[in-house]
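Dear colleague,

Please find the structure below, handed over for your use. My notes on what was found in it follow.

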Amino acid sequence: MLGSPDAPALPVVIVLALAMGGLLVGAPAGAVIGGLIGLFLRGRAKDGAPASVTEPTTGGRVVADRPHRQPQAHEQVDDPAPLAPISAPPARPASPAVDPRDPERLNRVLAELDGLPGLEAVAEQVRRMARRVALDQERKVRGMAVAESGYHAIFSGPPGTGKTTVARIWGNALVAMGALPSGHVVEADRGRLVGQHVGETAIKTTEAFDEARGGVLFIDEAYSLVPRGFESSNDFGREAVETVLARMENDRATTAVIAAGYAEEMDRFLDSNPGLRSRFANTVTFEHFDGPTLVRVAESMAEKGDYGWDPEALRLLGQAFTRLAAAPPKGWANARSVRSVLDLAVTAQADRLSEIGFGDDDLARLIEEDARTALQRLYPQAI
């Protein structure tokens with residue numbers, strides 16, 4: 001009997017034969033086969049094997065929804081085969097591997113330091129740090145333990161001496177050695193990290209770390225996180241320091257932290273928490289620029305802007321910068337102050353040229369009059 005539970009399943013050959021017969025009389029193949037399967041399933045339902053059959057009116061499709069039935073003792077149950085994905089996702093191209101033992105790649109990054117006036121001593125300190133990290137990366141390749149604290153550093157020195165610029169170069173150096181994936185620099189200060197209400201500081205500091213992940217978190221004037229007398233106050237800077245320490249530990253393989261500020265103040269910062277000195281294994285010292293170095297900085301800045309100082313202007317700048325370096329006035333910021341002098345000299349040039357005819361050489365040249373006008377407005381005591 002076709003629908004008897006004791007009868008074998010409807011042979012595929014018979015189904016195909018009947019279907020071919022249906023085709024000979026003009027019935028669609030889907031309708032013929034669907035009808036036969038439906039007949040077979042209804043026969044099983046009538047004899048005690050429950051089945052639910054839906055026969056759509058289009059396309060001859062049959063969908064059977066059988067309730068789960070526990071296998072009988074005499075039945076053999078096979079594990080269901082795993083379903084294959086409809087289509088495999090496209091393979092992503094592998095990121096280019098960074099060979100941490102490629103010294104030339106690192107040297108190309110650090111060569112930028114050699115072109116920064118007044119940072120010769122800093123360049124050597126950074127190269128020493130890089131040699132340590134490169135050796136640690138070699139240990140990692142060989143399956144040996146490493147200490148990622150070598151990524152972090154204290155940048156100690158006055159403002160305007162290139163600390164932020166060197167932080168960017170250090171991030172690129174860590175990428176060149178395969179230590180960090182991106183090397184971007186996120187700048188933060190007390191206002192970025194410390195909140196005014198309970199719980200706000202941890203959130204703000206965490207957000208800064210999340211943004212810096214894969215690169216460098218540069219905390220400028222880090223000593224401001226621990227103002228004098230903070231031990232006996234309710235200042236939230238302590239919470240910021242504790243959060244920084246926790247994230248430096250948790251993200252030690254993916255984020256470098258640089259804390260920057262005046263030398264004396266940074267010593268106080270490191271003494272504010274026992275864990276800080278052990279986290280910051282490196283200290284890079286930046287010095288005030290002397291007069292000749294400041295002149296070189298002025299020449300470099302002007303050249304990048306397609307300007308040039310004439311000899312008389314350079315002579316005047318040398319005299320003024322030497323006096324300013326020997327007795328820095330309030331607010332003196334080395335290269336940043338030189339930038340201000342250059343900007344005002346360019347403005348003075350524009351005023352001067354607006355009253356006369358000029359050519360390309362005039363547009364590119366800053367003369368003594370321009371330098372004197374700028375210095376007179378900013379640092380009259382130096383001329």
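Surroundings of Thr-161

Leaving aside residues up to four places away in sequence, Thr-161 touches Leu-119, Phe-286, Glu-287, His-288, Phe-289 and Asn-334. Please note that this is a predicted model. Thr-161 belongs to the loop between S3 and helix H5 (163-176). With a relative accessible area of 1%, Thr-161 is buried, because the cut-off for that class is under 20%. The side chain of Thr-161 also reaches the backbone oxygen of Pro-158, at 2.8 Å.

Two residues with positive phi

Most residues other than glycine have a negative phi. Asn-334, one of the residues touched by Thr-161, has a positive phi, near 50°. Asn-334 is located in the loop between helix H12 (311-326) and helix H13 (335-353), and it is buried, with a relative accessible area of 0%. Glu-221 likewise has a phi near 50°, a positive value in a residue other than glycine. Glu-221 sits in the loop between S5 and H8. At 41% relative accessibility, Glu-221 counts as partly exposed.

The sheet

Five strands form an open sheet: its 5 strands follow the order S4-S5-S6-S3-S7, with parallel pairing. Strand S4 (185-188) and S7 stand at the edges with a single partner strand each, so one side of each has no neighbour in the sheet. On average, neighbouring strands of this sheet are turned by 20° against each other, direction ignored.

Strand S3 (residues 153-156) is joined to S7 by 4 bridges, and the two run parallel. Within this pair, Ile-154 stands opposite Thr-283 in S7. S3 also pairs with S6 in the parallel sense, over 4 bridges, and the bridge partner of Ala-153 in S6 is Ile-258.

In a regular strand the side chains alternate between the two faces of the sheet. Strand S7 (residues 282-285) has a covered face made up of Asn-282 and Val-284, while Thr-283 and Thr-285 make up the uncovered one. Helix H4 (residues 120-141) lies across S3 and S7, and runs at about 165° to S7.

Helix H8

Helix H8 (residues 237-250) has 14 residues. From its first C-alpha to its last, H8 reaches 20 Å, close to the 20 Å expected at 1.5 Å a residue. The buried residues of H8 are Gly-237, Ala-240, Val-241, Thr-243, Val-244, Leu-245, Arg-247 and Met-248. What covers them includes two strands of the sheet, S5 (216-219) and S6 (256-261). Also included in this cover are helix H6 (190-193), helix H7 (200-212), helix H9 (263-271) and helix H10 (274-279).

The H12 and H15 pair

Two packed helices are described by the angle between their axes and the distance between the axes. For H12 and helix H15 (residues 368-378), the axes come within 7 Å and cross at roughly 25°. Angles under 35 degrees count as roughly parallel, and H12 and H15 are therefore roughly parallel to each other. On the H12 side, the contact is made by Glu-312, Ala-313, Arg-315, Leu-316, Leu-317, Ala-320 and Phe-321. On the H15 side, Glu-368, Ala-371, Arg-372 and Leu-375 take part.

With kind regards

Note on methods. Residues are numbered from 1 along each chain as its sequence is written. This is a predicted model: local features need pLDDT of at least 70, side-chain atom pairs count only at pLDDT 80 or more; totals for chains, interfaces and linings use all residues. Side-chain values use heavy atoms; hydrogens and water are left out. Buried means under 20% relative accessible area, exposed over 50%, partly exposed in between (1.4 Å probe, protein chains only). Two strands pair if DSSP finds at least two bridges between them. A polar contact is a pair of N or O atoms within 3.5 Å; within protein, one must be able to donate a hydrogen and the other to accept it, and residues adjacent in sequence count only if both atoms are side-chain atoms. Contact means heavy atoms within 4.5 Å. The expected span of a helix is 1.5 Å times one less than its number of residues. Axes are lines fitted to C-alpha atoms, for helices over the stretch in contact, and angles run from 0 to 180 degrees between N-to-C directions. Angles under 35 degrees count as roughly parallel, over 145 as roughly antiparallel, 65 to 115 as roughly perpendicular and the rest as oblique.
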